[in-house]
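Subject: Structure for your review

Dear colleague,

Please find the structure below, together with its sequence.

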Amino acid sequence: MKELKCPKCGSVFSVDEADYASILNQVKNQEFETEINKRITEMNLRHQTEQQLASAKAEQNFQQQLNRKMQELTAKEAEIARIKSEKDAEIVQLKNKLQNIATLKDNERTIALAAKDQAIATLNATIGQHEANLQIALLKKQREAQDIIQQKEQQIQLLQNNAELERSQAQIRENELIKRHQHELQAKQEMVEYYKDLKTRMSTKMVGETLEIHCSTLFNQMLRPVMPNAYFEKDNDATDGTKGDFIFRDSEDGTEYVSIMFEMKNEMDTTATKHKNEDFFKKLDEDRRKKNCEFAVLVSLLEPESELYNGGIVDVSYRYPKMYVIRPQFFIPLITLLVQTSKKSLEYKRQLLLAQSKEVDVTNFENKLLDFKNKFGRHYELASKKFDDAIKQIDDTIAKLLKVKENLLGSENNLRLANQDTEELTIRKLTYKNPTMKAKFDEARKE
């Protein structure tokens, strides 16, 4: 029984566990709705801010382009004015020359009137030609200036049209973005309602099975086409008393290079006793060892507020070897990471097995050679002892068997030489003039 105090009248009353849990659930739902409305308001404010920033940026870019074009047009007008000023100065200079020539001709009129008239006529023709050329050049420059002004006006109009088009496109994108955000928000709201209803209707066993089905579906959709020969099945072998949830194995050319024991854990939000991830580490490590797996992975939705487990893949090898804790969204990335890492060591495993097999062959050869030496030496010691006994009996019994004694002594000497030859027998002597065995032993020594 729980005691509650009314905030208005101050009276204290008792409620049972069910009513207390119902009151808490109502408070949580209200806070959850308040948080959702707050998040929606923040998203709308952020979207409006982004829209205003995008509009201001487009307007600023348009203004900058327009200012740049106006500056270019001002520069062209200044160039035209400069050219016109130069031509006017040239005309004034030519007029001054004409005046000087006229004055010179007036002074020479008394000397040669006929020549002067002819010179004046020629000069007038030249002046007319120059004036005509100047007029043509001036008209050409004015026409070029008008063409430049017209081109600039066309470019300004084109820029204005482009700016207007970009502005309309930005408005369209803005509307599309608003609609997409609204759709996403509605979808998230529907998903929240769906999971709230799903968690209300599911039992604890169904929650755990839903996580297993989710991980199995992810594997079959994303990794099964890439690794068609990989083994990924539920662990149904409970002969040792316990079992995991899933076992993953993969091999290449008959050599297994990766194996993972998976355990999936989830629970209802209304569960009274909340478990922790570390509560399952020991059992998961035992299951990994019993099923002879290299890695152990706990796919968990427990401790939802933990920043450690929400941050990504958590390595807990400091507690149990080769053990990781992940959220369901890291299920596929972790398998891919472990597969790629294990594949890099596959060639080293093959070379190690080959080296071990060669080392075993050399060791067996040396063991056989030592066994032969030991057996031969033991047999020689037994034979020598028996020969010593026989010689003593022959010496004590029959003198006429000295010849037999000498033969036996000679046999003992031969046996001694044979034992000496055996002691001097080495691998170098055995491989002399035998390049195949010599190459094998040299390769074994290098490795």
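How many disulfides does the count come to? The count comes to zero disulfides in this model, which is predicted. A disulfide is a covalent bond between the sulfur atoms of two cysteines. Concerning individual cysteines, C215 is buried, at a relative accessible area of 0%. C293 also counts as buried, with 5% relative accessibility.

C293 leads on to an arginine. Residue R288 lies in helix 4, which spans residues 281–290. R288 has a relative accessibility of 9%; because buried means under 20% relative accessible area, R288 counts as buried. Leaving aside residues up to four places away in sequence, R288 touches M261, C293, E294, F295, A296 and P321.

Turning to the nonpolar cores, the largest has 27 residues, and the members that touch the most others in it are F248, F262, F331 and I335. Two or more residues each come from helix 3 (204–222), strand 4 (246–252), strand 5 (255–265), strand 6 (295–300), strand 8 (323–326) and helix 6 (331–344). Helix 6 gives the most to this core, namely six residues. With residues up to four places away in sequence again excluded, I335 touches F219, L223, M227, F248 and F262.

Another core, of 13 residues, lies apart from the largest one; its members include M261, A296, V314 and M323.

Yours sincerely

Methods: Residues numbered from 1 in each chain as written. Predicted model: local features only at pLDDT ≥ 70, side-chain atom pairs only at ≥ 80, totals over all residues. Heavy atoms only, no water. Disulfide = S-S within 2.5 Å. Buried < 20%, exposed > 50% of the residue type's maximum accessible area, 1.4 Å probe, protein only. Helix = DSSP H or I, 4+ residues; strand = E, 2+ residues; numbered from the N terminus. Contact = heavy atoms within 4.5 Å. Core = buried A, V, L, I, M, F, W, Y, C linked by side-chain atoms within 4.5 Å.
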